[in-house]
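Subject: Structure handover

Hello,

Here is the structure I promised you. Please open it next to this email and follow along.

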Amino acid sequence: MNARTPRPALPEPPQPPRVGEALAALREQQSLSLDELSRRAGVSKSMLSQIERAQANPTVAVVWRLANALGVPLADLLADAPRIDAPVITTVAAQDTPTLGAPDARCRLRILGPIELAGRFEWYELTLQPGAALESAPHEPGSREHLSVLSGQIDVEAGEASTRLKPGETARYPVDRPHAIRNAGRTVAQALLVVLHAP
């Protein structure tokens, strides 16, 4: 009998980040029920359960909501994510850019940075309706934000300090204290927001 020539093994397709174990561990550490985390993050209880059982892989926006609800850097949920070789040039279609928004739709953040840099270096396109504000709790000691206004007028607050920016102006400020970005005008304001987390 002629021995058959074995076929070369096909490479396994890259797997998306698995966050279920990290999510379950963090939720247990904080003694949070699925119901409570669902309420905080705005993610359904069934989706949370599927993520923890590795039956579903969440989008970047969902992971971001979970990290905020748990009060941890996004990278904590992605620590065990597999690394894959990326092509020389990657593109993201406009409709595929993850977007975060406040429940009242008055504040919107489009996540422009890649997921592998989350928790270290992040950048966003920020849109604020008149009177809207993006208020944030302190980040890690030494962290900073850079806000460049594209249109409208925006007030920036960092602790007790504040300033007003016009189109074309940029503010750089520490965010290891309570901080806020507010639309100070009567028209929609847009800006580019860069967050540099301390190592």
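Start with helix H3, whose buried residues pack against H1, H2 and H4. Keep in mind that this is a predicted model.

Which residues of H3 are buried? They are Leu48, Ser49, Ile51 and Glu52. Around the axis they cover an arc of only 160 degrees, so they sit on the same side of H3. Just after H3 comes alanine 54, with a positive phi of about 60 degrees.

Now go back to H2, which spans residues 34-41. Its buried residues are Leu34, Leu37, Ser38 and Ala41. Look down the axis of H2: these residues fall within an arc of 105 degrees, so they line one face of the helix. They pack against helix H1 (20-29), helix H3 (45-52) and helix H4 (60-70).

H1 comes next. Gly20, Leu23, Leu26 and Arg27 are buried there. Their arc around the axis is only 135 degrees, which puts them on the same side of H1. What does the face turned away from the buried side carry? It carries the exposed residues Glu21, Glu28 and Gln29. The buried residues of H1 pack against H2, H3 and H4. Just after H1, serine 31 takes a positive phi of about 55 degrees.

H4 also matters for the next point. The largest nonpolar core has 46 residues. H4 gives the most to this core, with 8 residues. The residues with the most contacts inside the core are Leu66, Leu77, Leu147, Tyr173, Ile181 and Leu193. Take tyrosine 173 as a case to look at. Leaving aside neighbours within four places in sequence, tyrosine 173 is in contact with Ser143, Arg144, Glu145, Leu147, Val156, Ala158, Ile181 and Leu193.

On to the strands. Find E3, which covers residues 121-128. How many of its 8 residues are buried? The count is 6, so E3 is largely enclosed by the rest of the structure.

E3 has two pairings to look at. Strand E2 (residues 107-111) runs antiparallel to E3, and 5 bridges join them. Within this pairing, isoleucine 111 has tyrosine 124 as its bridge partner in E3. Strand E10 (residues 189-196) also pairs with E3 in the antiparallel sense, over 8 bridges. Here tryptophan 123 has valine 194 as its bridge partner in E10.

Not counting residues up to four places away in sequence, glutamate 125 touches Arg108, Leu109, Arg110, Leu112, Gln190, Ala191 and Leu192.

Last, the rings. A search of the whole structure finds 2 aromatic pairs. One of them joins phenylalanine 121 and tryptophan 123. Their ring centres are 5.1 Å apart and their planes lie at 45 degrees, so the pair is tilted. Phenylalanine 121 is partly exposed, with a relative accessible area of 31%. Tryptophan 123 is also partly exposed, at 27% relative accessibility.

Best wishes

Technical notes
Residues are numbered from 1 along each chain as its sequence is written. This is a predicted model: local features need pLDDT of at least 70, side-chain atom pairs count only at pLDDT 80 or more; totals for chains, interfaces and linings use all residues. Side-chain values use heavy atoms; hydrogens and water are left out. Helices (H or I, at least four residues) and strands (E, at least two) are DSSP runs, numbered from the N terminus. Contact means heavy atoms within 4.5 Å. Buried means under 20% relative accessible area, exposed over 50%, partly exposed in between (1.4 Å probe, protein chains only). Two strands pair if DSSP finds at least two bridges between them. The arc is that of the directions from the helix axis to the C-beta atoms. Rings of Phe, Tyr and Trp (its six-membered ring) pair if their centres lie within 6.5 Å; planes under 30 degrees apart count as stacked, over 60 as edge-to-face and the rest as tilted. A nonpolar core is a set of buried Ala, Val, Leu, Ile, Met, Phe, Trp, Tyr and Cys residues joined through side-chain atoms within 4.5 Å.
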